[in-house]
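Subject: Model handover

Hi,

Here is the model for your set-up. My notes follow below it.

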Amino acid sequence: MYTDDDMLMLSGIQHYRFCPRQWALIHIEQLWEENRLTTEGDILHKHVDDPFYRQKCGDYVSLRAVSIASHELGLYGISDIIELRPTDDSSNFITHPKYPGKWMPVPVEYKHGRPKHHQIDEVQLAAQVMCLEEQYHISLSLGVLYYAEIKRRVEVEITSELRNIVRQCSSEMHRIYANAIIPQGEYTCHCDRCSLLNVCMPTRKEVTKASYYLRKNLYEETT
């Protein structure tokens with residue numbers, strides 16, 4: 001179990017899953033650059049991150065910007081939306097002071113893009129589920145991803161595979177953070193979408209070679 005002083009930002013697990021070096025530059029070196037994708041994400045979250053806004057739609061209640069944490073994972077953060085769904089389960093539920101009854105909390109994470117081929121978004125969602133389970137001593141089986149580009153909700157089953165990935169990522173994040181080690185970078189096509197590209201590494205694989213660096217910066221090139 002991690003102490004309060006050991007806690008890392010839950011949102012960082014998405015950065016880490018995308019690229020450990022990106023996560024380390026942001027959360028250890030405190031580097032950040034904006035690009036179109038990060039700006040679009042900020043605009044989207046300004047509309048959902050209001051902790052004083054609650055909405056009841058049919059049988060569901062939406063709570064925004066709810067603080068969540070897990071000392072087992074050593075992660076803390078703020079959820080976009082916790083959707084309260086009525087439940088008849090007498091042993092697996094939570095209560096809310098303003099809404100009588102038994103509720104099952106379901107985290108809803110907003111993304112500005114569209115579903116991806118990898119599991120980056122799903123892993124972040126699973127981490128939120130695991131935080132809620134620890135906080136309220138309940139068992140949850142799903143979460144929801146909302147993609148603004150296609151205006152569609154995707155329900156995600158929180159499998160044992162996703163849970164294991166969350167545990168592995170959080171453990172590695174704590175190890176890297178404790179040792180203040182910045183992972184080495186390797187240029188891939190995904191780097192072009194990263195806002196830290198210019199401060200992280202050159203945009204061509206061959207530029208990372210020492211001979212190229214010396215020729216470009218120390219030696220005069222002859223024609």
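Helices (H or I, at least four residues) and strands (E, at least two) are DSSP runs, numbered from the N terminus. By that count, the protein chain has seven helices and eight strands.

Two points on conventions. This is a predicted model, where local features need pLDDT of at least 70, side-chain atom pairs count only at pLDDT 80 or more, and totals for chains, interfaces and linings use all residues. Residues are numbered from 1 along each chain as its sequence is written, and side-chain values use heavy atoms, with hydrogens and water left out.

Overall figures

Of the 223 residues in the protein chain, 42% are buried (under 20% relative accessible area, 1.4 Å probe, protein chains only). Take contacts (heavy atoms within 4.5 Å) between residues at least 6 apart in sequence: 61% of them join residues at least 24 apart.

Core

A nonpolar core here is a set of buried Ala, Val, Leu, Ile, Met, Phe, Trp, Tyr and Cys residues joined through side-chain atoms within 4.5 Å. The largest one has 38 residues. Ile 13, Trp 23, Leu 63, Leu 75, Leu 84, Val 166 and Met 173 touch the most other members. Helix 4 (120-136) gives the largest share, eight residues. Helix 2 also gives two or more. Seven of the eight residues of helix 2 (residues 20-27) are buried, so the rest of the structure largely encloses it. Trp 23 is one of those seven.

Strand 6

How many residues of strand 6 are buried? Ten of the 13 are, so this strand too is largely enclosed by the rest of the structure. Its pairings (at least two DSSP bridges between two strands) are these:

- Strand 4: antiparallel, six bridges. Glu 83 has Val 106 of strand 6 as its bridge partner.
- Strand 5: antiparallel, two bridges. His 96 stands opposite Tyr 99. A hairpin through two residues joins strand 5 to strand 6.
- Strand 7: parallel, four bridges. Tyr 110 stands opposite Tyr 146. The chain crosses from strand 6 through helix 4 to strand 7, and this β-α-β crossover is right-handed (with the strands pointing away from the viewer, the path from the first strand over the helix to the second runs clockwise).

Thr 87

Thr 87 sits in the loop between strand 4 (75-86) and strand 5 (94-96). Thr 87 is buried, at 18% relative accessible area. A polar atom of its side chain lies 3.1 Å from the backbone nitrogen of Asp 89. Leaving out residues up to four places away in sequence, Thr 87 touches Asn 92, Phe 93, Lys 102, Trp 103 and Met 104.

Best wishes

Definitions and conventions. Buried < 20%, exposed > 50% of the residue type's maximum accessible area, 1.4 Å probe, protein only. Polar contact = N/O pair within 3.5 Å; in protein donor to acceptor, adjacent residues only side chain to side chain.
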